[in-house]
Amino acid sequence: MTVPTRLFVDGAWREPASAARVSLINPATEEKFVEVASAEVSDVNAAVESAQRAWESGWRDLAPGKRSEILFNVARALRENIERIAELETLNIGKPIADARDEAALGARVFEFYAGAVTMFGGQTIPVARGGFDFTMRQPMGVVACIVPWNFPFPIACWKSAPALAAGNCVVLKPASLSPLTALALAEVAHGAGLPSGVLQVLPGSGSAIGEALVTHPLIRKVSFTGSTSVGQRIMELASRDIKRVSLELGGKSPNIVFADSDWHRAAETSPMSVFANTGQDCCARSRMFVERPVFDRFVDAFIAATKKLIVGDPAKPETQIGPMVSASQRATVEEYLSDARGRRSKFACGGGRLSGKGYYLQPTVLLDVDTADRCWHEEIFGPVVCLAPFDDEAQMLREVNASPYGLSGSLWTNDLRRALRVARAVESGVLSVNSHSSVHVEAPFGGFKRSGLGRDLGMTAMEGYTELKNVYIAES
Ligand code: NAP
Ligand code: MG
């Protein structure tokens, strides 16, 4: 398998202006396996200028049918490369190979959706009071910066760049320092499938060194970001200077609410993966469980039994469900939360430690008796840790659910239709699933309330977010 190691600018592999390189460590073995180029500010300038040229000289004005055809060709090429993309992701961040394959296919599916959307996307005609003819146009913005994290590197790179490209923009994509490989593979595959030079650039490099140069570059018209709330705040602050458009998908502390009338056995069996999948490094992780008192004890037993069955280990094995954490430092951060929980009166129902041997593994950990004032209860841990608590009263439970500064995702289990509607309306989150744990549908908007973000990824809503809306009025007399 060839591993991409350079910047992708203007349709070609480039060395960075400085010779800087960063070592990548396989989180399953703790071994260094490759060195990847790290961009600096002059590379940002070159990439943005090349994207601007590609935009002005063709991509902006390409007939929608032609743009659609190119994006379908990209999608097809991504499908042909699913295995390679999945293997790169597993090697790079320790994602279980079965999940990595699913996410590679999801990325291809995202390109298919937006390739189709290109020719079905447009404005409105509006009957205005003056008479005459009024219509809106959706116009591309220019060059868009997409800054993505390390937890779902490939699908997020696709669901930022595909709608931006489909809407007629060019893209500079900055992957996280920990996970540059599949973003680079995306550019290589897309270019090979006919995406013109300069339309998609990929700059591996450190967020603190080049992230701000990208966000503040005068030719960047929009920044689409997924990552931590603190960096999201910084990006919004920087973008405010030029009133740049931003969309932010940030952290979460999502609830998983189980009523006694539900099929709670199924909820107990499936809920461990709603928080432990991707080793808990998931902004949608259902990390706070609210279980109605009459079934609480039985639910906890079933939840722990299901957790103990999870296969934790080598991410290259097809049966593995939980791999290592992405890095030693991410594991250390989670361990600080665990030591905080130990210092209080929280009970460790299972997990809490490392696996023996190499790799940044941490056991799936179930905490009981966590006080709502404790950090583990209200902060995003971003690791394999869940807090379970009983509730007696629906209204009181909802107050606690909504006390979180986050509002990204969540699940609700009940067989009472009226309750499902009532609670779904009351939970302050951008995404909610009833009797399911799914958060992401390519066709539907995804994003958060409150400190979980601004704007939406996916669906037609995301594509609208990569355009300016223009209103044109034509007098008829
Ligand atoms: P992060 O710092 O927010 O990183 C996300 C992306 O932003 C990366 O590409 C990063 O580049 C870049 N970046 C960092 N500082 C920047 C700046 N000043 N300007 C522009 N871009 C910048 O996230 P992290 O440090 O990797 O993770 C920390 C915590 O964030 C996690 O523990 C978790 O709580 C949260 N998080 C949330 C999500 C999510 O899906 N919502 C994803 C990842 C992390 P570098 O990688 O080079 O720093
Ligand atoms: Mg950071």
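**Strands and helices, question by question**

Reader: In S15, which residue is the bridge partner of cysteine 350?
Author: Happy to start there, with the reminder that this is a predicted model. Strand S15 covers residues 365-368, and three bridges join S14 to S15. The bridge partner of cysteine 350 in S15 is valine 366.

Reader: Do S14 and S15 run parallel or antiparallel?
Author: Strands of a sheet pair through backbone hydrogen bonds, in either of two directions. Here S14 and S15 are joined by three bridges, and the two strands run antiparallel.

Reader: Which are the edge strands of the open sheet?
Author: Let's walk along it: seven strands form the sheet, with mixed pairing, in the order S14-S15-S16-S13-S12-S18-S19. An edge strand pairs on one side only, and that applies to S14 (347-350) and S19 (433-434).

Reader: Which helix lies across S12, S13 and S16?
Author: Helix H11 (residues 328-343) lies across S14, S15 and S16, at about 120 degrees to S14. The helix across S12, S13 and S16 spans residues 394-402 and runs at about 180 degrees to S13; this is H13.

Reader: How are H2 and H4 oriented to each other, roughly parallel or roughly antiparallel?
Author: Helix H2 (residues 64-80) and helix H4 (residues 97-117) pack with their axes 8 Å apart, at an angle of about 165 degrees. Angles over 145 degrees count as roughly antiparallel. Therefore H2 and H4 are roughly antiparallel.

Reader: How many nonpolar residues are in the contact of H2 with H4?
Author: Good one to finish on! Residues making the contact include Leu71 and Phe72 of H2 and Ala108 and Phe111 of H4. By class, the contact has three charged residues, three polar ones and, for the nonpolar class, nine.

Definitions and conventions
Residues numbered from 1 in each chain as written. Chains lettered and ligands numbered in written order. Predicted model: local features only at pLDDT ≥ 70, side-chain atom pairs only at ≥ 80, totals over all residues. Heavy atoms only, no water. Axes fitted to C-alpha atoms, helices over the stretch in contact; angles between N-to-C directions. Helix = DSSP H or I, 4+ residues; strand = E, 2+ residues; numbered from the N terminus. Parallel < 35°, antiparallel > 145°, perpendicular 65-115°, else oblique. Contact = heavy atoms within 4.5 Å. Nonpolar A, V, L, I, M, F, W, Y, C, P; charged D, E, K, R; others polar. Pairing = 2+ DSSP bridges.
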